[in-house]
Amino acid sequence: QVQLVESGGGLVQAGGSLRLSCVASGSIFRINDMAWYRQAPGKQRELVAAITSGGSINYADSVKGRFTISRDNAKNAVYLQMNSLKPEDTAVYYCNGAVLTTTGLFGGYWGQGTQVTVSS
């Protein structure tokens with residue numbers, strides 16, 4: 001019904017940059033909040049950054065000043081520009097969207113995840 005597809009992960013050296021993209025498709029009427037989460041091996045999934053439909057943003061303290069979240073409402077897309085990457089940023093990154101469908105259902109939807117690996 002609603003699909004979120006991430007792209008842009010990969011292997012990068014410490015200090016490098018990556019840009020993640022997430023595009024939502026399907027029976028979408030409106031997307032409210034969109035966010036990026038990450039999960040490292042053996043750890044719980046954590047919020048990295050979130051952005052409302054109006055453009056209000058919040059970041060995890062660990063990524064402030066290095067990561068930038070943005071969105072394109074016309075494309076149902078959210079992006080995460082990651083600079084000055086550190087080995088501790090290594091994780092699977094997941095996109096999440098709070099979606100109101102054309103059938104009137106409202107819920108959170110997840111992408112399949114994209115691996116980000118930062119080598120030291």
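Aromatic pairs and strand pairing

Q: How many aromatic pairs does the rule give in this predicted model?
A: The count comes to two aromatic pairs.

Q: Why is the pair of Y37 and W110 called edge-to-face?
A: The ring centres of Y37 and W110 are 4.9 Å apart, with 65° between the planes.

Q: What makes the pair of Y37 and W110 a tie between parts apart in sequence?
A: Y37 belongs to strand β4 (residues 28–39) and W110 to strand β10 (residues 106–110), so the parts tied together are 73 residues apart in sequence.

Q: Why does Y37 count as partly exposed?
A: Its relative accessibility is 23%. Buried requires under 20% and exposed over 50%, so Y37 falls in between. W110, with a relative accessible area of 39%, is partly exposed by the same cut-offs.

Q: Why do Y94 and W110 count as an aromatic pair, and of which kind?
A: The centres of Y94 and W110 lie 6.4 Å apart, which is within 6.5 Å, so the rings pair. The angle between the planes is 85°, over the 60 degrees needed, and the pair is therefore edge-to-face. Y94 lies in strand β9 (residues 91–101) and W110 in strand β10, so this pair ties together parts 16 residues apart in sequence.

Q: Is Y94 buried or exposed?
A: Y94 has 14% relative accessibility, under the 20% cut-off, so Y94 counts as buried.

Q: Which residues do the ring pairs link into a cluster?
A: The cluster consists of Y37, Y94 and W110.

Q: How do you know that the charged end of R45 sits over the ring of W110?
A: The charged end of R45 is 4.6 Å from the centre of that ring, and the distance cut-off is 6 Å. R19 sits likewise over the ring of Y79, with its charged end 4.3 Å from the centre.

Q: Why do strands β3 and β8 count as paired?
A: Six bridges join β3 (residues 18–26) to β8 (residues 77–82). At least two are required, so the strands pair. They run antiparallel, and V23 stands opposite A77 in β8.

Q: What makes β1 and β7 edge strands?
A: The open sheet has four strands in the order β1-β3-β8-β7, with antiparallel pairing. Both β1 (2–7) and β7 (67–72) pair on one side only. From one strand to the next, the twist averages 15°.

Conventions. Residues numbered from 1 in each chain as written. Predicted model: local features only at pLDDT ≥ 70, side-chain atom pairs only at ≥ 80, totals over all residues. Heavy atoms only, no water. Axes fitted to C-alpha atoms, helices over the stretch in contact; angles between N-to-C directions. Phe/Tyr/Trp six-rings, centres within 6.5 Å; stacked < 30°, edge-to-face > 60°. Buried < 20%, exposed > 50% of the residue type's maximum accessible area, 1.4 Å probe, protein only. Lys NZ or Arg CZ within 6 Å of the ring centre and 35° of its normal.
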